[in-house]
Amino acid sequence: MNLSLEGKALISALLVASLSLGAAGLAAISIRAMPSSNAAITASPEIVTTPELAVQGREFFGTSCSECHGDDATGDEGPNLHNLSISNARIAHTIKNGIKGEMPTFAKKYDDKQIAALVSYLRSLH
Amino acid sequence: MTIDPALWPKLHGASVHFPVALAMAAALFDGLGYVWPKPSPLKTKLQSAGYFTIILGALGTFPAVLSGLFMTKGEVLGHDALLFHHLFVWPAFAGLVGLGVWRVMMDDKASPRSFIAYLTVLFLTAGLMAGAGYWGGEMILNS
């Protein structure tokens, strides 16, 4: 098949663009499958909160939660998270599994240690 | 070894501005180069600038996309502002890469008709990049 240079360039452009999108998709799948650097640390059933973890949790909160719960967690689209009256385990469960139709799940995004950090941060809010 | 949780956000922030700016610059240079009235050294310079900025912009998308994927732990869509960001990012990414490849292959041999098509897609892609940048900024401002 004799293609003009323009035809070849167009096909190459479409091909490389598609391959790039495919590569990005594969990268996304690989990154999701990667064990977290903290995965070796197994969380106990009891969620232990510490000020050190709270500092780390603040980072995660800024990345994943503040958009709905507000910069200072006083609520926006999502509820105010200050002075939560539910248990640490319940908070962790909600972060992990989300609330159907209201809040996404974060089980794939954060491991137990990182969720403990988020719980620590939320517990530090008064 | 523990990786700084802010490493990927920092790298993403450091890398995203290049493809956004270069896509817009390529649209500006190539647009001006096209409408410049007659062959002149300035017209040639504008076309050269458009050529290199689109190629650099296309190359610049890869670190931006990769750092973004690491930052979001492989999230390709997400929700709310992140979803809107991604709805602009993915077509812009494909568009910039495709435009870069097309420009390298065609060099200065494109017919006027195909170059107009290239410019149209380039302006559309620059707009998508602007949209991606806007929603990226919304996430920063709201966090």
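**View 1. Chain A at a glance.** In chain A, 60% of the contacts with a separation of 6 or more are between residues 24 or more positions apart, where contact means heavy atoms within 4.5 Å. This is a predicted model, in which local features need pLDDT of at least 70, side-chain atom pairs count only at pLDDT 80 or more, and totals for chains, interfaces and linings use all residues; side-chain values use heavy atoms, leaving out hydrogens and water. Residues are numbered from 1 along each chain as its sequence is written, while chains are lettered from A and ligands numbered from 1 in the order in which they are written. Chain A has five helices and zero strands, giving the pattern α-α-α-α-α along the sequence. Here helices (H or I, at least four residues) and strands (E, at least two) are DSSP runs, numbered from the N terminus. Of its 126 residues, 39% count as buried, meaning under 20% relative accessible area, with exposed over 50% and partly exposed in between (1.4 Å probe, protein chains only).

**View 2. A loop residue of chain A.** Look for A:Asp72 in the loop between α3 (66–69) and α4 (88–97) of chain A. Is A:Asp72 buried or partly exposed? At 42% relative accessibility, A:Asp72 counts as partly exposed. A:Phe61 is eleven residues away from A:Asp72 along the chain, and their C-alpha atoms are separated by 9.5 Å.

**View 3. A helix from each chain.** Helix α1 (residues 5–33) of chain A packs against helix α2 (residues 41–71) of chain B at an angle of about 25°, with the axes 9 Å apart. Axes are lines fitted to C-alpha atoms, for helices over the stretch in contact, and angles run from 0 to 180 degrees between N-to-C directions. The two helices, α1(A) and α2(B), are therefore roughly parallel to each other; angles under 35 degrees count as roughly parallel, over 145 as roughly antiparallel, 65 to 115 as roughly perpendicular and the rest as oblique. On the α1(A) side, the contact is made by A:Ser20, A:Ala24, A:Ala27, A:Ala28 and A:Ile31, and on the α2(B) side by B:Phe62, B:Val65, B:Leu66, B:Leu69 and B:Phe70.

**View 4. Two helices within chain B.** The axes of α1(B) and α2(B) come within 7 Å and cross at roughly 155°. These helices, α1(B) and α2(B), are therefore roughly antiparallel to each other.

**View 5. The largest nonpolar core.** A nonpolar core is a set of buried Ala, Val, Leu, Ile, Met, Phe, Trp, Tyr and Cys residues joined through side-chain atoms within 4.5 Å. Which of the 22 residues in the largest one touch the most other members? They are B:Ile54, B:Trp102, B:Tyr118, B:Leu122 and B:Met129. At least two residues of this core come from each of α1 of chain A and α1 (7–35), α2, α3 (80–106) and α4 (112–141) of chain B. The most come from α4(B), with seven residues. Apart from this core lies another, of 20 residues, including A:Phe61, A:Ala73, A:Leu81 and A:Tyr110.

**View 6. Around B:Trp102.** Not counting residues up to four places away in sequence, B:Trp102 touches A:Glu6, A:Ala9, A:Leu10 and A:Ala13, along with B:Ala110, B:Ser114, B:Phe115 and B:Tyr118.

**View 7. A histidine in helix α3 of chain B.** B:His85 is found in helix α3 of chain B and, at 12% relative accessibility, counts as buried. Leaving out residues up to four places away in sequence, B:His85 touches B:His12, B:Ala132, B:Trp135, B:Gly136 and B:Met139.
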